[in-house]
Protein chains: 2
Amino acid sequence: MTSSAVSMPEAPAMAAPDFADIQAAAKRLAGQAVVTPLLESAALNARAGGRILIKPETLQRTGSFKFRGAYNRLAQIPDAQRAAGVVTFSSGNHAQGVAAAAALLGIPATIVMPADAPAIKIGNTRGYGAQVELYERDSESREARAEAIATETGATIVSPYDDPGIIAGQGTCGLEIVHQAESLDVRLDALLVCCGGGGLTSGCAIALAETSPRTKVYAVEPEGFDDTRRSLDAGQRLANPSGTKSFCDALLAPTPGELTFSINRRLVAGGFAVSDAEVAAAMRYAFTTLKLVVEPGGAVSLAALLSGKIDARDKSLALTLSGGNVDPETHARALAADAA
Amino acid sequence: MTSSAVSMPEAPAMAAPDFADIQAAAKRLAGQAVVTPLLESAALNARAGGRILIKPETLQRTGSFKFRGAYNRLAQIPDAQRAAGVVTFSSGNHAQGVAAAAALLGIPATIVMPADAPAIKIGNTRGYGAQVELYERDSESREARAEAIATETGATIVSPYDDPGIIAGQGTCGLEIVHQAESLDVRLDALLVCCGGGGLTSGCAIALAETSPRTKVYAVEPEGFDDTRRSLDAGQRLANPSGTKSFCDALLAPTPGELTFSINRRLVAGGFAVSDAEVAAAMRYAFTTLKLVVEPGGAVSLAALLSGKIDARDKSLALTLSGGNVDPETHARALAADAA
């Protein structure tokens, strides 16, 4: 597989959020986002040989962590700009997060989604009251569609990850993990984060750099879409090779975000890549042992642990299960494939 | 359908546990059982028109609330009797609870299970190190098999529900619900409990009578196995008609327990019965919206709410999701059946 470097300005156009921005986001989200629990399974601890704390963002409003960033970002749109609405592009979880946040804040939302997105994601996004515009993943530019809508309507474009408000919102997940681990008297050696464009990873990395600086943060991605892992190794943003496939529909970003990578290169220890088969096995483990519904992209961190990519023996490790928006049929097929 | 009254002595042979027993159980369980979170879903609140708090005992050690009672009961077996072991009979969740508790306490365990129990339950019970003896549900008496083993080995028989130590352990679930609801500033109007033999229901009823006396406690059962509901209405223990079927394998007790019913008749407000189709719909809702894996018997309370058996408009209501030990294939079939 080949990969090409992405041209990058010396410094990103936007300023990275800092820890105070995450604290401010936590205040905005209070009473709106779910403070998801930090779970522990005796069975998983025994299997891993360490102490594993699970952050199930599957239980977050809209079924993924994306609501955190979306609400934090939209809540900061000035009143005068709200009537013109927001527009975004997303394979589904950011779509639902923006749609739900927009509904709560009374802002019209238009979401550009790939026509092959899971039905549950398209249906839920419409269910929150957003207008959905479908595009063909292979032949159209979702950014161009979103920009055309913004030009026409004056709507604010909300990036899925490359935005300080989004990153600060996702960082509240990391903040909760540290506080909840402390209340269990656990000092985390590592945090595994499911990584697409890098919003959750960078937000958590900022939160942990301040509150738990000895914890190493790792990005976990699907094989073939491990652009963040390879970019961290190379010290520059690399794109994924074209033509690769993964059923982790939430994590198919072509390249690390400009802003997210500027943070992650400073604060993230490294990355891991997992195969679809390893992800299916993790989804099955989540179902049979943890009793949690996890979508493919939300299971990559657990897959990295279960497949032995990271050794947790005698360590304390937290991991995100970042989303649970999966069609029942896709879920059943993944579990059956793993059993086969 | 006909039903027959069950002969009952004036008072049960055992004394009912009281609130102090539940507090003592909570101390025994600290660090062994999971303090499962009390979850809330904006989507479910909107659908129900009230405030719904979900107690997912699916996330409990062994995947159901049964570990609470089992550990509390086994921890009270005197040292001198432990080497002779314990024996019990169970369709699967009590089996796993006893097996896991016995392993933690170093007590040998033999479990009499129906040959048609879900594979996941038989496999997990063996996985905890217990010896499993299969019996034919329709032609053999599981109690007689357990008694024969006890006579031969000197093992202590541990009833699935009709035991003060078991009931007090299950009551810790109710205690947690009240404390967790209080921390959310919620005053509960009602608690819906998934009910088989009545152990969880009676334990929660004792806990709530002391800590939240204005909360009405309801037992929820599968249609055809609503012996507790009918017995509460009749004021005496009634058996279920023979020949009825339900896929709620955890809730097929033939009649209310003697001890559990003596408590429930005093403290429980009434009962609801739900059809297998309503349970399948609740399992699908749990999957798609709550992102939780719930077994049929663990979903009856949610089914009672979603099917409109209880009106939660402008009310605050808690419900147990009492277990999540379901084979992936059974789960997929239930979700597909509901979608059809």
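This is a predicted model: local features need pLDDT of at least 70, side-chain atom pairs count only at pLDDT 80 or more; totals for chains, interfaces and linings use all residues.
B:Phe67 is buried, with a relative accessible area of 0%.

Now the rings themselves. A pair of aromatic rings is described by the distance of the centres and the angle of the planes. Over all chains, the count comes to four aromatic pairs. One of them is A:Tyr218 with A:Phe272, with 5.2 Å centre to centre and 40 degrees between the planes, a tilted arrangement. A:Tyr218 is in strand 7 of chain A, residues 216-222, and A:Phe272 is in strand 8 of chain A, residues 270-274, so this pair ties together parts that are 54 residues apart in sequence. Both A:Tyr218 and A:Phe272 are buried. Back in chain B, the ring centres of B:Phe67 and B:Tyr71 are 5.6 Å apart and the planes are at 35 degrees, so that pair is tilted too.

Staying with strand 7 of chain A, A:Glu221 is found there. Leaving out residues up to four places away in sequence, A:Glu221 touches several residues, including A:Cys195, A:Gly196, A:Asp226, A:Asp227 and A:Arg229. A:Phe272, from the aromatic pair, is also among its contacts.

Next, strand 10 of chain B, residues 316-321. Six of its six residues are buried, so this strand is largely enclosed by the rest of the structure. Both faces are covered: B:Ser316, B:Ala318 and B:Thr320 are on one side, with B:Leu317, B:Leu319 and B:Leu321 on the other.

What does strand 10 of chain B pair with? Strand 2 of chain B, residues 51-56, runs parallel to strand 10 and is joined to it by six bridges. In that pairing B:Pro56 stands opposite B:Leu321. Strand 7 of chain B, residues 190-194, also pairs with strand 10 in the parallel sense, over three bridges. Here B:Leu191 is opposite B:Ala318.

The last item is another sheet in chain B. Four strands form an open sheet in the order 5-4-3-6, with parallel pairing. Strand 5, 131-135, and strand 6 stand at the edges with a single partner strand each, so one side of each is left without a neighbour in the sheet.

Going through the pairs, strand 4 and strand 5 of chain B are parallel and joined by five bridges. B:Pro114 stands opposite B:Tyr135 in strand 5. Strand 3, residues 86-89, and strand 4, residues 109-114, are joined by four bridges, again parallel. There, B:Val86 faces B:Ala109 across the pairing, standing opposite it in strand 4. Between these two strands the chain passes through helix 5 of chain B, residues 93-105, and this β-α-β crossover is right-handed. Strand 3 and strand 6, residues 156-157, pair in the parallel sense over two bridges, and B:Val87 stands opposite B:Ile157.

Are the residues of strand 3 in chain B buried or exposed? B:Val86 and B:Thr88 point one way, B:Val87 and B:Phe89 the other, and all are buried.

Terms used: Residues are numbered from 1 along each chain as its sequence is written. Chains are lettered from A and ligands numbered from 1 in the order in which they are written. Side-chain values use heavy atoms; hydrogens and water are left out. Rings of Phe, Tyr and Trp (its six-membered ring) pair if their centres lie within 6.5 Å; planes under 30 degrees apart count as stacked, over 60 as edge-to-face and the rest as tilted. Buried means under 20% relative accessible area, exposed over 50%, partly exposed in between (1.4 Å probe, protein chains only). Two strands pair if DSSP finds at least two bridges between them. Contact means heavy atoms within 4.5 Å. A crossover is right-handed if, with the strands pointing away from the viewer, the path from the first strand over the helix to the second runs clockwise.
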